[in-house]
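Here's a quick briefing to read alongside the model. Take a look at the sequence and the fold first, then come back for the tour.

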Amino acid sequence: MDWASRVRTVRQRLHLKQVALAQLIGVSQTYVSRLEAGSVTPPDDVVAALERLSEDPRTRSPFDDLLALVRFSPFACFVARALPAEGRFPVEAASASMRETYLGSGCLDLADDDGLAELCAHAAAIHGAGLCEGRVLAATAPWTAPNGETVTLHYVPLRDGAGGCFLHASLAAHDGSDRLRITPADHLSATG
C-alpha cells in the first residue's frame with residue numbers, strides 16, 4: 001500500500017495540519033511528515049488509528065462517507081482513483097457484489113489484472129477528455145467482464161476534498177452500445 005499517499009489524503013480530506021493528525025493518531029508531527037514522505041511504514045497500531053479516524057463518523061470526510069456507501073451497496077459498483085500517467089487505477093472502494101463477481105477480493109488496482117485492461121482504457125480515455133479539469137459530466141461504455149458477461153458501465157467523475165480525481169462506476173444490463181461515450185460537462189449548458 002502507498003502509505004505516503006494514503007496518510008496525506010486522509011489528512012487533507014479532514015482539512016488537518018500534520019500536527020493535528022499526529023495528535024489524533026498518537027504520534028509526533030515529525031513522524032507524520034516521514035509517513036507522508038514515504039520514508040517509514042506505519043506499525044500496526046498507527047494503521048489501526050488511521051482506520052479508526054477514517055471510520056469514525058465524527059471525523060470522516062463526506063468523501064469517506066461516499067466510499068462507505070459504495071462498499072455497502074447492494075449493486076455492483078466501485079470507485080477508483082485515476083492516475084493514468086503512472087499507469088495506475090487504485091480501487092478506493094467496491095461493493096461486495098462487484099468484488100465477488102467482477103474484480104476479485106484481492107483487487108487493489110485495476111491495472112494489476114489483465115482481465116480489467118478495458119476498464120483501465122476507459123478510465124484513461126475519460127481522464128484524457130478532462131476528468132480532472134471538470135470537463136466530463138459522465139460516460140458509458142460496454143464491458144465484457146472476465147466472466148464473459150457483457151454489461152454497460154456508467155461512469156461519474158468524483159473529486160475528494162484533497163483535489164484527487166476519481167471515477168465511480170456502476171454496472172447495468174448491456175444497453176447495446178458498442179463504444180465508450182463521454183458526455184462533456186458543457187453538455188448541460190448547451191442543452192439546458
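Buried means under 20% relative accessible area, exposed means over 50%, and partly exposed is anything in between, using a 1.4 Å probe and protein chains only. This is a predicted model, so local features need pLDDT of at least 70 and side-chain atom pairs count only at pLDDT 80 or more, while totals for chains, interfaces and linings use all residues. Residues are numbered from 1 along each chain as its sequence is written, and side-chain values use heavy atoms, with hydrogens and water left out. Helices (H or I, at least four residues) and strands (E, at least two) are DSSP runs, numbered from the N terminus.

**The sheet**

- Strands of a sheet pair through backbone hydrogen bonds, either parallel or antiparallel.
- Here, 6 strands make an open sheet, ordered β2-β1-β5-β4-β3-β6, with antiparallel pairing; two strands count as paired if DSSP finds at least two bridges between them.
- β2 and β6 (181–184) sit at the edges with a single partner strand each, so one side of each has no neighbour in the sheet.
- On average, neighbouring strands of this sheet are turned by 20 degrees against each other, direction ignored. Axes are lines fitted to C-alpha atoms (for helices, over the stretch in contact), and angles run from 0 to 180 degrees between N-to-C directions.
- β1 and β5 pair antiparallel over 5 bridges, and Val79 stands opposite His168 in β5.

**Helices on the sheet**

- Helix α5 (residues 62–71) packs on the sheet and touches β1, β2, β4 and β5, its direction making about 50 degrees with that of β2. Contact here means heavy atoms within 4.5 Å.
- α6 lies across β1, β2, β3, β4 and β5 and runs at about 110 degrees to β2.

**Nonpolar cores**

- A nonpolar core is a set of buried Ala, Val, Leu, Ile, Met, Phe, Trp, Tyr and Cys residues joined through side-chain atoms within 4.5 Å.
- The largest one has 30 residues, and Phe78, Met98, Leu103, Leu110, Leu119, Trp143 and Tyr155 have the most contacts inside it.
- At least two residues of this core come from each of β1, β2, α6, α7, β3 (136–144), β4 (150–159) and β5 (165–173).
- Setting aside neighbours within four places in sequence, the contacts of Phe78 include Val70, Met98, Leu119 and Leu167.
- There's also a second, separate core of 16 residues, with Ala22, Val32, Ala49 and Leu53 among them.

**Salt bridges**

- The structure holds 5 salt bridges, each being a side-chain nitrogen of Lys or Arg within 4 Å of a carboxyl oxygen of Asp or Glu.
- One of them joins the side chains of Arg11 and Glu36, at 2.5 Å from N to O. Arg11 is in helix α1 (residues 3–13) and Glu36 in helix α3 (residues 29–37), so the pair links distant parts of the chain, 25 residues apart. Arg11 is buried at 13% relative accessibility, and Glu36 is buried at 7%.
- Asp109 bridges to Arg88, with the closest N and O atoms 3.7 Å apart. Asp109 lies in the loop between α6 (96–103) and α7 (117–128), and Arg88 in the loop between β1 (77–81) and β2 (91–94), so the pair ties together parts 21 residues apart in sequence.
- Asp109 is buried, with a relative accessible area of 7%, whereas Arg88 is partly exposed at 27%.
- Glu86, Arg88 and Asp109 are linked in a salt-bridge network.
- Asp178 and Arg181 meet through their side chains at 3.5 Å, N to O; Asp178 is exposed at 61% and Arg181 partly exposed at 35%.
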